[in-house]
Amino acid sequence: ASKTGMDYIRDTRMCAARLMKNKIYVFNLLSAVTALLAFVGFGTFIPKYFEYHFRQKATSSGLSSLGSSIFTGLGIIISGQAIGKFKFKAKTLAAWSMFIGFLAVLTLVAVSFIACPKLEVY
């Protein structure tokens, strides 16, 4: 029997209700959304950050975002291939995700201390 549009809507609601009862899923979703919003803001202003801290021109600092976007895309593709091939357990993927999250925060904190010496204007 063919499903109607209303059947798909009902099934989607039931699936969403089941997912919202799973605490691990809900907290993982909230953390992913929070991280996404933070990194979108950071990614938007990274060229200005490079311009200010490393005294680059606006044209050259904008190219820095291109490199990070390319490597982010490659990371997503490679990790998707690895997860599909090796079929990791959910706990393993969650632990890896937490490790990478902590590593990203530590890296951002470390990078924030790197800058060219301040110009002394007399």
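Analyst: Ile-83 has a relative accessible area of 37% and is therefore partly exposed, a class that lies between buried (under 20% relative accessible area) and exposed (over 50%), as judged with a 1.4 Å probe on protein chains only. The model is predicted, so local features need pLDDT of at least 70 and side-chain atom pairs count only at pLDDT 80 or more, while totals for chains, interfaces and linings use all residues. Residues are numbered from 1 along each chain as its sequence is written, and side-chain values use heavy atoms, with hydrogens and water left out.

Ile-83 belongs to helix H3, which covers residues 58-86; helices here are DSSP runs of H or I with at least four residues, strands are E runs with at least two, and both are numbered from the N terminus. Setting aside residues up to four places away in sequence, Ile-83 touches Phe-88 and Leu-93, where contact means heavy atoms within 4.5 Å. The C-alpha atoms of Ile-83 and Ile-9, which are 74 residues apart along the chain, are separated by 29 Å.

Turning to the packing, two packed helices are described by the angle between their axes and the distance between the axes. Helix H2 (residues 23-54) packs with helix H4 (residues 90-112) at an angle of about 25 degrees, and their axes are 14 Å apart. That makes H2 roughly parallel to H4, since angles under 35 degrees count as roughly parallel, over 145 as roughly antiparallel, 65 to 115 as roughly perpendicular and the rest as oblique. The axes are lines fitted to C-alpha atoms, for helices over the stretch in contact, and the angles run from 0 to 180 degrees between N-to-C directions.

On the H2 side Phe-39, Phe-42 and Tyr-49 take part, and they meet Ala-104, Leu-108, Val-111 and Ser-112 in H4. The residues of this contact divide into 6 nonpolar, 1 polar and no charged; Ala, Val, Leu, Ile, Met, Phe, Trp, Tyr, Cys and Pro count as nonpolar, Asp, Glu, Lys and Arg as charged, and the others, Gly among them, as polar.

Within H2, Phe-39 is in contact with Ala-104 and Leu-108, leaving aside its neighbours within four places in sequence. Phe-39 has a relative accessible area of 39% and so is partly exposed. Its C-alpha atom and that of Val-26, 13 residues apart along the chain, are separated by 20 Å.
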